[in-house]
Amino acid sequence: HLLFAAPSPETAHRDQVLLARLSQLLDTRAVTPEDRSQIYYELGVIYDRLVMEDMARSMFVNALAEKADLAPAHNFLGIYMGTDGEFQDAITYFNEALELEPDEYYANFNRGIVLYYGGRFKLAREDMLAFMRRVPGDPYILLWTYMVECELYGSERARAALALRYDALSEEKRQAEWGFNLVKLYLGRLSESRFFTETATYRDRPALLNEHLCEGYFYLAKLKQFEGQDKLAYDYYRLAVGTHRYGFLEYRYGRMEMARLEQRYGLRRSLKPEEPQESARPGGDTPAEQ
C-alpha cells in the first residue's frame with residue numbers, strides 16, 4: 001500500500017518570514033527576560049518545524065536561560081532527548097515541565113512514550129492513563145496505551161481493553177476523528193486495504209494526506225512489529241519518515257524505530273539515525289504545541 005503526497009513549500013516560506021520578524025523583535029523590543037524567553041521559545045518551535053534541530057535546541061536552551069520555569073521548553077527538550085535515546089535525561093525534562101505546570105499534560109503523554117521505550121511499562125501506563133483522563137477519546141492515546149498494555153499483560157488482554165475504551169465512545173466521536181480508523185485497524189474491524197482506500201480520499205488535500213500517512217504508516221509499522229514482521233514494519237517506518245512531517249512524534253519515533261531495527265539486524269552501527277540536512281522544509285505540529 002503506497003500513497004504519497006508532495007509537501008507544499010508554502011509553510012516553509014511562512015516560517016522563514018516569521019523567523020526574520022522574531023529575530024528583529026529579539027534585537028529591538030525584547031527588554032525583559034520574559035520577553036526574550038518567549039521569543040527564543042517561538043524561534044525554537046519554528047526551527048523545529050524547519051527541521052533545523054540544532055538551532056531549535058539552542059533556542060530552547062536560551063529560552064530556559066532567560067526564564068528557567070518555561071514548561072513548554074522543558075517539554076520540547078524532553079522530546080529531543082527521548083528520540084536521541086537519552087531516556088533518563090528526557091524524563092528529567094518532562095518531570096520539570098509537569099512540576100512547573102501540572103496542566104502541561106502533554107508532558108504526561110510524551111513522558112509515557114519515553115518510559116515505554118525505556119522498558120518502564122507500569123510507569124508508562126500511569127502517564128498514559130493520566131493523559132487519557134485529561135483528553136478523553138483521543139485515538140492516539142488509545143493506541144499508545146494498547147502498546148504499553150501489550151508489554152504488561154499480553155496482546156489478548158490489551159486488545160480487549162482497547163475494545164472497551166473504543167466502544168465506550170459515542171458514535172459521533174468515533175466518526176469525527178480520522179485517527180479512529182487506526183484503532184479499528186488494531187481491533188481487526190477495518191482491513192488494511194479499506195484503511196488505505198479511505199485514506200486515499202484525502203488526495204485533494206495533500207497536506208492533510210501527508211499527516212494521515214505519517215501517522216498511518218507509523219502505527220501500521222508498530223502493529224506489524226507486534227506480529228513479528230520486522231521487514232514489513234521497517235518498510236512502513238521508512239514510508240512514515242518519507243512523509244517529511246518533521247514535527248510529528250510519529251516521524252521522530254519512526255526514525256528511532258528504523259535505527260533500532262538497523263542495529264538489531266546489523267545494518268548500522270549507531271543507534272542514532274542520520275540527521276536530515278538543515279534545509280527549509282515544511283513541518284507539522286507536535287503534541288507539545290497543541
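Reader: Among contacts between residues at least 6 apart in sequence, what percentage join residues at least 24 apart in the protein chain?

Author: The figure is 62% for the protein chain, taken over contacts between residues at least 6 apart in sequence. Please bear in mind that the model is predicted. The chain holds 15 helices and zero strands, and buried residues make up 54% of its 290 residues.

Reader: How is the packing of two helices to be described?

Author: Two packed helices are described by the angle between their axes and by the distance between those axes. Here, H8 (residues 139-153) packs with H13 (residues 206-226) at about 15°, and the axes are 12 Å apart. H8 is therefore roughly parallel to H13, since an angle under 35 degrees counts as such. The crossing of this pair is left-handed.

Reader: Which residues of H8 and H13 meet?

Author: From H8 come Tyr-140, Leu-143, Trp-144, Tyr-146, Met-147, Cys-150 and Glu-151, and they meet Glu-215, Phe-218, Tyr-219, Lys-222 and Phe-226 of H13. By class, nine residues of this contact are nonpolar, none is polar and three are charged.

Reader: Which residues have the most contacts inside the largest nonpolar core?

Author: They are Phe-109, Tyr-117, Trp-144 and Tyr-219, in a core of 75 residues. Tyr-219 is in contact with Tyr-140, Leu-143, Trp-144, Met-147, Leu-182, Tyr-186 and Glu-250, leaving aside neighbours within four places in sequence. There is also a second, separate core of 24 residues, which includes Ile-46, Leu-50, Met-59 and Ala-63.

Reader: Is Asp-15 buried or exposed?

Author: Asp-15 counts as buried because its relative accessibility is 0%, and the cut-off for buried is under 20%. Its place is in helix H1 (residues 10-28). Not counting residues up to four places away in sequence, Asp-15 touches Ile-46, Arg-49 and Leu-50. Ile-46 and Leu-50 are among the residues of the second core.

Reader: At what angle do H3 and H4 pack?

Author: H3 (residues 53-66) and H4 (residues 71-83) pack at about 145°, with axes 9 Å apart. H3 passes H4 in a left-handed crossing. On the side of H3 the contact is made by Glu-53, Ala-56, Arg-57, Phe-60, Val-61 and Leu-64, and on the side of H4 by Ala-73, His-74, Phe-76, Leu-77, Tyr-80 and Met-81. These residues divide into nine nonpolar, one polar and two charged.

Reader: How far apart are Met-132 and Thr-145 in sequence and in space?

Author: The two are 13 residues apart in sequence and 9.1 Å apart in space, C-alpha to C-alpha. Met-132 lies in helix H7 (residues 121-134) and is buried, with a relative accessible area of 15%. Apart from residues up to four places away in sequence, Met-132 touches Ile-141, Leu-142, Thr-145 and Arg-165.

Reader: What is the phi of Val-51, and where does the residue lie?

Author: Phi of Val-51 is near 55°, a positive value in a residue other than glycine. Val-51 is placed in the loop between helix H2 (33-49) and H3, and at 9% relative accessibility Val-51 counts as buried. His-244, also not a glycine, has a positive phi of about 60°. His-244 is found in the loop between helix H14 (230-241) and helix H15 (249-264), and is partly exposed, with a relative accessible area of 32%.

How values were computed. Residues numbered from 1 in each chain as written. Predicted model: local features only at pLDDT ≥ 70, side-chain atom pairs only at ≥ 80, totals over all residues. Heavy atoms only, no water. Axes fitted to C-alpha atoms, helices over the stretch in contact; angles between N-to-C directions. Helix = DSSP H or I, 4+ residues; strand = E, 2+ residues; numbered from the N terminus. Parallel < 35°, antiparallel > 145°, perpendicular 65-115°, else oblique. Left-handed = near helix turned anticlockwise from the far one by under 90°. Contact = heavy atoms within 4.5 Å. Nonpolar A, V, L, I, M, F, W, Y, C, P; charged D, E, K, R; others polar. Core = buried A, V, L, I, M, F, W, Y, C linked by side-chain atoms within 4.5 Å. Buried < 20%, exposed > 50% of the residue type's maximum accessible area, 1.4 Å probe, protein only.
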